[in-house]
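Here is a friendly walk through one protein model and its ligand. Please keep the structure open as you read.

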Amino acid sequence: MSYEEIFTKSRQVYEIAKKIFPGGVNSPVRLMRHLPYPFYVKRVEGAFIETIEGVKLIDYCMAFGPLILGHKPKVVEEAVKEFLSNGWMFGIPTEIELELAKTIMRHFPSVEMIRFVNSGTEATMNAIRLARAYTGRKIIVKFDGCYHGAHDYVLVKAGSGIATWGIPTSLGVPEEAAKLTIVLPYNDVEKLEKTFQEQGDKIACVIIEPVVGNFGLILPEKDFLKKLRELCTTYGSILIFDEVITGFRLSLGGAQEYFNVKADLTTLGKIIGGGFPIGAFGGKKEIMEMITPSGQVYNAGTFNAHPISMIAGLVTIRELEKEYPYKIANKASEEIVKAVNEEISKIRINFKTKHIASMFQLYFTDREIKNADDVRMCNVDLYNRLHSECLKNGLYLTPSQYEVNFTSAAHDEEVVSKTIDILVRCLRKLETS
Ligand code: PMP
């Protein structure tokens, strides 16, 4: 059956949505570029999505990262329901925001003070503004393929939807703003050193995804992050680790614990809200105290530290502290990659996999994946064909080569075994088609 024959009702909904939302959606990757229209969701449970047609799919997109416990975990559902009876929006501080902050800070020793906002975008925007205020410098350095949200200074050679849709720098970003952003290749220590030698005294901050999860999956090479830390210290630039994806995913202490490198400022999001909207930025006390109202770097938000996000995030982290979710989620990603690699050695397709903790991605290439250019050289068409084929067989891989697959505590042995079965069948089909 074709995509259109399986997802019939979704087509009708999309016909209307197209007239209401630009591109028919409210975030670009939700319209999967290689498919005629998105499918619409009715309900979710564990590792599964049920569409409005009643089609059941195993999910590896997992809402792009927040759902490390799986869809609709009981602990979160119950805590949120219970909290709702108190009300859900106050504009007045709650004790629960302190609880979540203290819990995060216990796992991220570099975060001495924190501010909660509503999205990863807001977190990175504020962290960059703060770094500029603290250093009195203007230039920021980012890496090709890293995505730090949808605001002017980071929409230059970014990953995620902007890569999927082939937009090098968003229209509407003033040239003057884009000029203040230096973009370097990931994992290239030489270029990094040269940039610091030439302009180090003007660099306010370097912002990096310590593991890139927005241009497929790219891992830092040995000592790349340590070298970056050294250079930032030497030149007095602020090192911002954007741990919106990696925070509480690579480990409880995120990439900083995993790689043993400390950032000056850290941005968080996704998991810390347990599936509700959230962002946070934090770091050295001396820097964070510049934020309003204790300082003059302005940040505010009607929905900042929204109580429902606070409670959902808190119970999610408490569950992660029991360690079992990591064991299941990490094993799932490892097993899938292992099985796919075994299968691929038997068929004639150039293929590579990358995985770390509960993240993995598949690439049709013979190149080692070290930076964004290596991902650009992959056969994206084959990825899209695999994606479509899997979808028709009940498996929803992440919808773009430039995203990453996430596993969760709900991806148990039974789900993984079903996944491997579908994935291997679809890969074989690619070889013969
Ligand atoms: N930083 C990173 C590393 C991200 O992956 C994302 C979103 N995928 C963001 C920032 C932006 O977060 P949000 O979509 O919540 O604004």
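This is a predicted model: local features need pLDDT of at least 70, side-chain atom pairs count only at pLDDT 80 or more; totals for chains, interfaces and linings use all residues.

The report below starts at the ligand and then visits rings, backbone features and a few residue pairs.

## The ligand and its surroundings

Which residues surround the ligand? They are Ser 119, Gly 120, Thr 121, Tyr 147, His 148, Gly 149, Glu 209, Asn 214, Asp 242, Val 244, Ile 245 and Lys 270.

Gly 120 places a polar backbone atom 2.9 Å from an oxygen atom of the ligand. Tyr 147 also uses its backbone, with an N or O atom 3.4 Å from a ligand nitrogen. Lys 270 takes part through its side chain, where a polar atom lies 2.9 Å from a nitrogen atom of the ligand. On its own the ligand has 390 Å² of accessible area, and the protein covers 82% of that.

## Aromatic pairs

How many aromatic pairs does a search of the whole structure find? The search finds 15. One of them joins Phe 196 and Tyr 235: the ring centres are 5.2 Å apart and the planes meet at 35°, so this pair counts as tilted. Phe 196 belongs to helix H8 (residues 189-199) and Tyr 235 to helix H9 (residues 224-235), so their pairing ties together parts that are 39 residues apart in sequence.

Are the two partners buried or exposed? Phe 196 is buried, at 1% relative accessible area. Tyr 235 is partly exposed, at 26%. Elsewhere, ring pairs link Tyr 3, Phe 7, Tyr 14, Tyr 37, Phe 39 and Tyr 396 into a cluster.

## Charges over rings

The charged end of Lys 56 sits over the ring of Phe 48, at 4.7 Å from the ring centre. Arg 132 likewise has its charged end over a ring, that of Tyr 153, with 3.9 Å to the centre.

## Backbone features in loops

Next, a look at the backbone. The peptide bond from Thr 292 to Pro 293 is cis, and its omega is near 5°. You will find Pro 293 in the loop between helix H11 (285-288) and helix H12 (307-320).

Two residues to look up here are Asn 187 and Ala 357, each with a positive phi in a residue other than glycine. For Asn 187, phi is near 70°. The loop that holds Asn 187 runs between strand E6 (181-184) and H8, and the residue counts as buried at 11% relative accessibility. For Ala 357, phi is near 45°. Ala 357 sits in the loop between strand E11 (352-356) and strand E12 (359-363), and is buried as well, with a relative accessible area of 12%.

## Sequence separation and distance in space

What separates Phe 276 and Ala 312 in sequence and in space? They are 36 residues apart along the chain, and 7.1 Å apart from C-alpha to C-alpha. Phe 276 is in the loop between strand E9 (265-269) and strand E10 (279-283), and is partly exposed at 33% relative accessible area.

Asp 366 and Asn 350 are 16 residues apart along the chain, with 5.2 Å between their C-alpha atoms. Asp 366 lies in the loop between E12 and helix H14 (372-376) and is exposed, with a relative accessible area of 55%.

## Around helix H4

Arg 106 is part of helix H4. This arginine is exposed, at 53% relative accessible area, and its side chain makes a polar contact of 2.6 Å with the side chain of Glu 321. Arg 106 and Gly 91 are 15 residues apart along the chain, and 26 Å separates their C-alpha atoms.

Is Ser 110 buried or exposed? Ser 110 is buried, with a relative accessible area of 6%. Between the C-alpha atoms of Ser 110 and His 411 there are 32 Å, and the two residues are 301 apart along the chain.

Methods. Residues are numbered from 1 along each chain as its sequence is written. Side-chain values use heavy atoms; hydrogens and water are left out. A residue is near a molecule or strand if one of its heavy atoms lies within 4 Å of it. A polar contact is a pair of N or O atoms within 3.5 Å; within protein, one must be able to donate a hydrogen and the other to accept it, and residues adjacent in sequence count only if both atoms are side-chain atoms. Accessible areas come from the Shrake-Rupley method with a 1.4 Å probe; for residues, only the protein chains shown count as cover. Rings of Phe, Tyr and Trp (its six-membered ring) pair if their centres lie within 6.5 Å; planes under 30 degrees apart count as stacked, over 60 as edge-to-face and the rest as tilted. Helices (H or I, at least four residues) and strands (E, at least two) are DSSP runs, numbered from the N terminus. Buried means under 20% relative accessible area, exposed over 50%, partly exposed in between (1.4 Å probe, protein chains only). A charge sits over a ring if NZ of Lys or CZ of Arg is within 6 Å of the ring centre and within 35 degrees of the ring normal.
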